[in-house]
Amino acid sequence: MNDAAVLCDVLDRWKTAVDAHRPEQAAACFTEDAIFQGLHPYSVGRAGVAAYYASQPPGLTADYRVLEIRRLADDLLLGYLGVDFAFPDRPTLTVNLGVLLRRSDDGWSIAHYQVSLLP
């Protein structure tokens, strides 16, 4: 699988979970020790990821665009994305998202997730 396919496979699983408001399924896209920085204070591990997505309103959806991909090592892939988070009751929020994917025996997962707001 090429780098773009790897990145999109993981992000499509994440998007499906976010769109369906399934926090545990979203957290399963991350490594056990993932560093996660959404728009709230950061957390480490899947429990923090699940709690973050559980706190989001039902109806939230995420649409992403891949901006850059870099292979850092055989088992590390860096992705930089634009993401539109659409809410049912307020304007869409556009952010930049940096992710670091790590490959293990179980496949590729998000090891680091960092959101930044666009000005």
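How much space lies in the largest cavity? In this predicted model, the largest cavity holds about 50 Å³.

**Overall fold**

The protein chain has 3 helices and 6 strands. Read from the N terminus, its elements follow the pattern α-α-β-β-α-β-β-β-β. The radius of gyration is 13 Å, close to the 14 Å that the globule rule gives for 119 residues, so the protein chain is as compact as a globular protein of that length. The C-alpha trace spans about 40 × 30 × 25 Å along its principal axes.

**The sheet and its helices**

The 6 strands form an open sheet with mixed pairing, in the order β2-β1-β6-β5-β4-β3. Its edges are β2 (43-44) and β3 (61-73), each of which pairs on one side only. Helix α1 (residues 3-19) packs on this sheet and touches β1, β3, β4 (76-86), β5 (93-104) and β6 (107-117). The direction of α1 makes about 150 degrees with that of β3.

Helix α3 (residues 46-54) lies across β1, β2 and β6, and α3 runs at about 50 degrees to β1.

**Cavity and pocket**

A search of the whole structure for cavities of 30 Å³ or more finds 1. The largest cavity is lined by A17, V18, H21, R22, P23, Y53, Q56, P57 and L60. Of these residues, A17 and V18 fall within the range of α1, residues 3-19, while Y53 falls within that of α3, residues 46-54.

The largest pocket has a lining of 15 residues. Those nearest its centre are L39, Y52, Q56, F87 and L93. Both α3 and β6 supply at least two residues each to this lining.

The table sets out the volume and the lining classes of each space.

| Space | Volume | Lining by class |
|---|---|---|
| Largest cavity | about 50 Å³ | 6 nonpolar, 2 polar, 1 charged |
| Largest pocket | about 160 Å³ | 10 nonpolar, 4 polar, 1 charged |

Which elements each supply at least two residues of the lining of the largest pocket? They are α3 and β6; α3 is also the helix that lies across β1, β2 and β6.

Technical notes. Residues numbered from 1 in each chain as written. Predicted model: local features only at pLDDT ≥ 70, side-chain atom pairs only at ≥ 80, totals over all residues. Heavy atoms only, no water. Pairing = 2+ DSSP bridges. Helix = DSSP H or I, 4+ residues; strand = E, 2+ residues; numbered from the N terminus. Contact = heavy atoms within 4.5 Å. Axes fitted to C-alpha atoms, helices over the stretch in contact; angles between N-to-C directions. 1 Å grid on protein atoms, 1.4 Å probe; cavity = no way out; pocket = protein on both sides within 12 Å on 5 of 7 lines; lining within 4 Å. Points joined across faces, edges and corners; volume = space filled by probe spheres on them. Nonpolar A, V, L, I, M, F, W, Y, C, P; charged D, E, K, R; others polar. Rg over C-alpha atoms; globule rule 2.2 N^0.38 Å.
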